[in-house]
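Visitor: Please walk me through this model, one question at a time.

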Amino acid sequence: MAQQDGIEAPGDAPEHLTTTVEQGPFCLARCTCGWRGPARRARSQARTDAKTHDHQP
């Protein structure tokens with residue numbers, strides 16, 4: 001089962017909601033706008049990717 005850590009976007013862009021999703025040994029960040037971060041082995045790095053996502057489709 002995939003673990004998800006929800007990270008909400010800043011108030012100026014409520015349609016952008018990021019999560020981290022585990023896929024096998026990797027974790028990646030995804031956004032409701034369609035953006036996907038690179039697959040990472042470190043969950044902390046995937047969370048950082050989600051936080052720094054600039055919300056540009």
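**A buried aspartate and its surroundings**

Guide: Asp 49 is buried, with a relative accessible area of 9%. Buried means under 20% relative accessible area, exposed over 50% and partly exposed in between, with a 1.4 Å probe and protein chains only. This is a predicted model: local features need pLDDT of at least 70, side-chain atom pairs count only at pLDDT 80 or more, and totals for chains, interfaces and linings use all residues. Residues are numbered from 1 along each chain as its sequence is written, and side-chain values use heavy atoms, leaving out hydrogens and water.

Visitor: Which element does Asp 49 lie in?

Guide: Elements here are DSSP runs, numbered from the N terminus: helices are H or I with at least four residues, strands are E with at least two. Asp 49 belongs to helix α1.

Visitor: Which residues does Asp 49 touch, not counting residues up to four places away in sequence?

Guide: Contact means heavy atoms within 4.5 Å. With residues up to four places away in sequence left out, Asp 49 touches Ala 29, Trp 35, Pro 38 and Arg 40.

Visitor: Why do the buried residues of α1 line one face of the helix?

Guide: Helix α1 covers residues 43–52, and its buried residues are Ala 46, Asp 49 and Ala 50. Seen down the axis of α1, they fall within an arc of 100°, so they line one face. That arc is taken over the directions from the helix axis to the C-beta atoms. On the other side of α1, the exposed residues are Lys 51 and Thr 52.

Visitor: Is Thr 48 buried, partly exposed or exposed?

Guide: Thr 48 is also found in helix α1. Its C-alpha atom is separated by 9.9 Å from that of Thr 20, 28 residues apart along the chain. With 36% relative accessibility, Thr 48 counts as partly exposed.

**Strands and the overall fold**

Visitor: What pattern does the chain follow along the sequence?

Guide: The chain has one helix and three strands. Read along the sequence, the order is β-β-β-α.

Visitor: In which sense do β2 and β3 pair?

Guide: Strands pair if DSSP finds at least two bridges between them. Strand β2 spans residues 17–23 and strand β3 spans residues 26–31, with six bridges between them. Their pairing is antiparallel.

Visitor: Which residue in the turn of the β2 and β3 hairpin has a positive phi?

Guide: Two residues sit between the strands of this hairpin. The phi is about 65°, and the residue is Gly 24.

Visitor: What is the bridge partner of Glu 22 in β3?

Guide: Thr 19 has Arg 30 as its bridge partner in β3. For Glu 22, the partner is Cys 27.

Visitor: How many disulfides does the structure hold?

Guide: A disulfide is a pair of cysteine sulfur atoms within 2.5 Å. Cys 31 is in no disulfide: the nearest cysteine sulfur, that of Cys 33, is 3.6 Å away. Cys 31 is buried at 9% relative accessibility, and Cys 27 is buried at 3%. The number of disulfides is zero.

Visitor: Is His 53 buried or exposed?

Guide: His 53 has its place in the segment after α1. Not counting residues up to four places away in sequence, it touches His 16, Thr 18, Cys 31, Cys 33 and Trp 35. At 5% relative accessibility, His 53 is buried.

Visitor: Which residues does Trp 35 touch, not counting residues up to four places away in sequence?

Guide: Trp 35 lies in the loop between β3 and α1. At 25% relative accessibility, it is partly exposed. The C-alpha atoms of Trp 35 and His 53 are separated by 8.4 Å. With residues up to four places away in sequence left out, Trp 35 touches Ala 29, Arg 30, Asp 49, Ala 50 and His 53.

**Confidence**

Visitor: Which element of the chain has the highest mean pLDDT?

Guide: pLDDT is the predictor's confidence in each residue, from 0 to 100. The chain has a mean of 81, and 68% of its residues reach 70 or more. Strand β1, residues 4–8, has the lowest mean among the elements, 55. The highest, 96, belongs to β3.
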